[in-house]
Amino acid sequence: MSEQIRILFVDDEERILRSLALQFRREYEVLTESNPRRALERLKSENVQIIVSDQRMPQMSGAELLAQAREIAPYTLRILLTGYSDLDAAVEALNSGGIFRYLTKPWDQQEMAFTLRQAAQIAARQLQAPKVSAVIPQAALNVLLLDEDASTLDVVAEFCVAGGHRLLRAASLSDAVILLNSQPIDLLVSDLQVAGEDTAPLLKSLAQAHPRLLSLVVTPFCDTQALLKLINEAQIFRYLPKPIRRGLFDKGLLAAAEQAQLWRAQPAQVVTRLAQQPREERDREKVGSLLGMLGRLRERLIA
Amino acid sequence: MTTASALTRLLKPVSPLAADMSIADVADRLLTPELKAFLSLPIVDSAGRPLGLVSRTTLQDIFMQRFGRDLRGRHAVQEVMNAAPLVVSLDTSLEDAAKQITGQLQYPITEDFILVDAQGLYRGLGTVLDLLKAMEARIAQRNLVLRKALVELKESQTQLVQSEKMASLGQMVAGVAHELNTPLGYVKNNVQLLRELSAPLFELAEAQAALGDCLNDPTCDEARLTMALEVAAEARTKAAPELLVEDFTQLFSDTLYGLAQIAELVVGLKDFARLDRAMSEEVDLNECIRSALVIARNGIKDKAETILQLGELPRIPCAPSQINQVLLNLLNNAAQAIDVFGQILVKTWADDSAVCLSVQDSGRGMPPEVLARIFDPFFTTKPVGQGTGLGLSISYKIIQDHGGQIRAASEPGRGTRFLIRLPRPQALPLQRSA
């Protein structure tokens, strides 16, 4: 099944491209481009399922390339592979490029192979899934807000009223788990710290237990490493820095609603959310115990 | 210490005189040893309000006249007192009191001043000499505070310069660390690939060795030989050495190239961050530029194409690590001034008296009011937290210490050009800088 999967690697360093091509040519059909503009041209005429791009290139940044690639070929799985820990680039790649993974150079061979295998599986499922109609039904959604901030509430409440969505609020992690177990939640808007607790493990658990639920993170913290984990292990939909920038937040919420409505209308195999297992032991334990608490939800999904 | 108590400290509780006391008695009183230090004595009314001061000189003038004491000795002192004496309230600050007294004091000084409380009642005398001493002490104390403040200011200035150095060093180290990740990425992957790809080659070698043993062994039977042949053929198909040649060649050459890149970066870092600030006699500025570019490359590569027009340069004495700091600062500024993708032109040339260098970008440029201030310490157009505002002012100081000049020209929308002139040896009064 993976024979049909085409991966496009984009990097201004030809040696990176040669190395990656040699590593993966036996498993996938590998395309390489050292010029991001030519890569975009190719996307218009060729079917590509996975794009792996460098961040810093002379003609255009990787985040920009992936954002444009998303316009041209929305179903591609987009991966950023970069040697620079640059928060702005990561935020842009996530928010505009909707990236599937953020990988760092030098990469681990096994991890890269595993990530591409995961992406290839999703791509293969998508290839087999029936094409859906372009008309997205305007369903009312359940939105869970996990943030005490008044300015966040303002924007989310207004968004819910305008879209006819239902707003639920939780003041702590345990409240959130109860709500998640009793209500079918579509969107989660959460800070990374709620009532003194770290919400990242919950976000990571949800990505595994409930891949159709989209998480938007609003946070005053700016930590590239933390964001990288949220992308790879929690598959968050948006990362919005506090203080809230209204336009950006509104756009993120609208995009999330659209995506959630689209996924509702589609069979499960089209859902492209697949999180990586947390790398750190402590994280894995926390996520494991939260997954237990979210058990009922999981059973319902499997049923 | 409050200012009110400053005057209290000057207060001498001299008993006042009644207005009707005779001049002769006053004169006797003035001769008592405990009043020797005073130029004058106070006269108060029955309620304790000061009426005036009678001075030694007034009495001396009277007594020096012929029969002065006999004629006027019995008169009330009130007749000869100064009815408009210096009266200072005790709650006045030392500075204000000094101002008031020096303003009203007449030369020669013949009187003291009267100190009164808030109600205007007499409390004691103060002498001008004590006031002067108090003022002097206060000034000495102020000087001490100022001197301390100056030392602190100098220290924090040194610290700021140091933190700017550390900031640019940190930026540079982070940049180079990131820059290393690209060659490290493919070198690491290539070595792993080489290991994987070479595994079947070892199997092939082993199978062929076994086949060789078979052929050399006279006791080897047909079946064993056939088996060995088959194993060797299979290993050969699996390994496909003829297909590997090209891959191996490429992998090895890329890997070596990557290692050379890594080595170049490390050498660049070492050259660049030489912690000895020493002056060196024979420095080729072009080499400084190349080594600064190795370091700055990562910050520049996605912002601009760098064009080098390096002329023949005589070697000059300078502190290379300092010049590198200036160059890195100029190159980073140039890259940051470019919004989309532009050019950075670096030129060097020499004339009779100096070696010249220019860094020109095609960036935003600056309006004249900004250009006029770029070398000022703490002036920055970057957002808070992104620039110390010291980069160019330190660069300016470094070039100045080298006896050179740094100038900038800029046009909004077209770019900025920095020009540095460093004097050639003959005309060089060398300074060592901190």
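**The chain A–chain B contact**

Tutor: Chain B puts 19 residues into the contact and chain A puts in 17, where contact means C-beta atoms, placed from the backbone, within 7 Å. Keep in mind that this is a predicted model: local features need pLDDT of at least 70 and side-chain atom pairs 80 or more, while totals for chains, interfaces and linings use all residues. Residues count from 1 along each chain as its sequence is written, and chains are lettered from A, ligands numbered from 1, in the order written.

On the chain B side, α6 (128–216) and α8 (241–272) each bring at least two residues to the face that touches chain A; helices here are DSSP runs of H or I, at least four residues, and strands runs of E, at least two, numbered from the N terminus. The largest share of that face, 11 residues, belongs to α6(B). By type, the chain B face splits into 9 polar, 5 charged and 5 nonpolar residues (nonpolar: Ala, Val, Leu, Ile, Met, Phe, Trp, Tyr, Cys, Pro; charged: Asp, Glu, Lys, Arg; polar: the others, including Gly).

Now the backbone. B:Ala240 sits in the loop between α7 (222–239) and α8 of chain B. Its phi is positive, near 40 degrees, though it isn't a glycine. B:Ala240 is partly exposed, with 13 C-beta neighbours inside 10 Å (20 or more is buried, 12 or fewer exposed, in between partly exposed, C-beta atoms being placed from the backbone).

Chain A has a positive phi too: A:Gln235, at about 45 degrees, in the loop between α9 (224–234) and β12 of chain A. A:Gln235 is buried, with 25 other C-beta atoms within 10 Å.

How values were computed. Two residues are in contact if their C-beta atoms, placed from the backbone, lie within 7 Å.
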